[in-house]
Amino acid sequence: MEFNILQHFKGLKDMPTDPFNGDDIGAALFMTGGMGDKISDKVDEGARKVGMDRRSFMKSGLGFSAAMLAANEITGMKFFEVEKAEAADLAAKQEAIQVARASADFVVDVHTHVCTRPGHYEVGKNATERGMWFVQLLDDLGKAFGLKNGTRDMNIENYGKLILQESDTTVGIFNPFGFREDYGGEDMIPMAYQKQVRDKWPKNTIMLAGGLTPNHGLDVTLDRLRQYAQEDKISGLKLYTFDSTKKKGWWFDDEKLAYPMWEECRKLGIKNIGCHKGIPFGQFYARYAHCEDFDATADDFLDLNFIAYHSAWPYHQELAAMKGFKPQRKNLYSEVGSTFAATVTSRPLECAHVLGTLLRDLGPDYVLWGTDSLLWGNPQWQIDAFRKFQIPDQLVEGHGYPKITDEIRRKVLGENAARIWNIDKKAAMTAKAEIVSTAHA
Ligand SMILES: [Zn+2]
């Protein structure tokens, strides 16, 4: 995620939240987003009914359920399949969690980040002003979720705590930030730092590489790509088509600049190629956040998978059309990180349209789960919200969207990623159980 949600979720900064407690974060986002005031009133009403103060109600998880019920009531549509008892009775809440977990317990988060590096970032020393601007954005975000030291707390230790221990995530796929020109000639998140994450949790993490900027020169870019594959043993790419060079960006379907990279990927056995699409943040231009360059590329490299991160939102319809009108496609994927998080608590109608469009046109086998954590704190609130989320009947009838079944949830939450990354599910589940049990021993 790279857009300023603090302007959208007004008041989040001033609402105390525990970054380790997903329920608390989830409730806080509902209470500060587009329907924030109305939802807050209803959450407070719910707390009074059970004789709890607001903080305890939020931290207990009841507040999160109350917020989802409030969103249904305020909009007059059933976006969340939550029973009233889940907002009033801890036992009922626990049981609902267990039922949801049992129906989809294998969770692959395709979009996670660590957001610091040894020595961190210092303007003039190893970061430009522009580079610091992005760090500041992420810092503010982390602090709003209760991470006292902002990005400094989005480190390896907290990656383990928030994503692998405290959430149901079985496997986290971590994505790099490159942007070397803004960070003293070194990737914002260096590979050496990322490797420590993988080494610590080899069965529960997967490492992607980024930082390929062909406008720096194709030879040096191909060299880097080979190094990623042969020395760093990466499992795919997560790239950015906007850059800080004079050209400001590049396209996936550029036969001179980009196709040699995809040809090299073929040789190196790299199959999954992701790219930041949509969310045209900060200093970068929207034209490079559109996904139309996936069109020719996907046809010319049928053996590679192309993944549009953020589902190209708010241009997700362009992405969906590329499969809606070309149903023969089998290598075009979307990932929902930050798009789901930013819309579900605040604009559930938009969330339903986005998910509905992706599921209808790309199909349930081509939508991947992602949360963009650690940028959004503990991802558990997103997992819970997705397990409860439904496309209301009104939209199913009028738009031809599918209802979100348990089977679709399983595919999106984990099965699809397991398929394209060849994940050993059993080994990952066993290792996950160990992480959780040692954490709580
Ligand atoms: Zn991200």
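In the predicted model examined here, residue D109 stands opposite G172, a residue that belongs to strand β2. This placement falls within the pairing of β1 with strand β2, the latter spanning residues 171-174, and the two strands run in the parallel sense and are joined over three bridges.

The pairing of these two strands is part of an open sheet, which is built from three strands in the order β1-β2-β3 and in which the pairing is parallel. At the edges of this sheet lie β1, covering residues 108-112, and β3, covering residues 205-207, each of which pairs on one side only. From one strand to the next, the twist of the sheet averages 20°.

Beyond this sheet, the secondary structure of the protein chain as a whole comes to 19 helices and eight strands. The radius of gyration of the chain is 21 Å, which is close to the 22 Å given by the globule rule for 441 residues, and the chain is therefore as compact as a globular protein of that length. When taken along the principal axes, the box filled by the C-alpha atoms of the protein chain has dimensions of roughly 65 × 50 × 40 Å.

The packing of the chain can also be described residue by residue. Of the 441 residues in the protein chain, 52% are buried. As for the contacts in the chain between residues at least 6 apart in sequence, 76% of them join residues that are at least 24 apart.

Technical notes. Residues are numbered from 1 along each chain as its sequence is written. This is a predicted model: local features need pLDDT of at least 70, side-chain atom pairs count only at pLDDT 80 or more; totals for chains, interfaces and linings use all residues. Two strands pair if DSSP finds at least two bridges between them. Helices (H or I, at least four residues) and strands (E, at least two) are DSSP runs, numbered from the N terminus. Axes are lines fitted to C-alpha atoms, for helices over the stretch in contact, and angles run from 0 to 180 degrees between N-to-C directions. The radius of gyration is taken over C-alpha atoms; the globule rule is 2.2 Å times the number of residues to the power 0.38. A residue is buried if 20 or more other C-beta atoms lie within 10 Å of its own, exposed if 12 or fewer, and partly exposed in between; C-beta atoms are placed from the backbone. Two residues are in contact if their C-beta atoms, placed from the backbone, lie within 7 Å.
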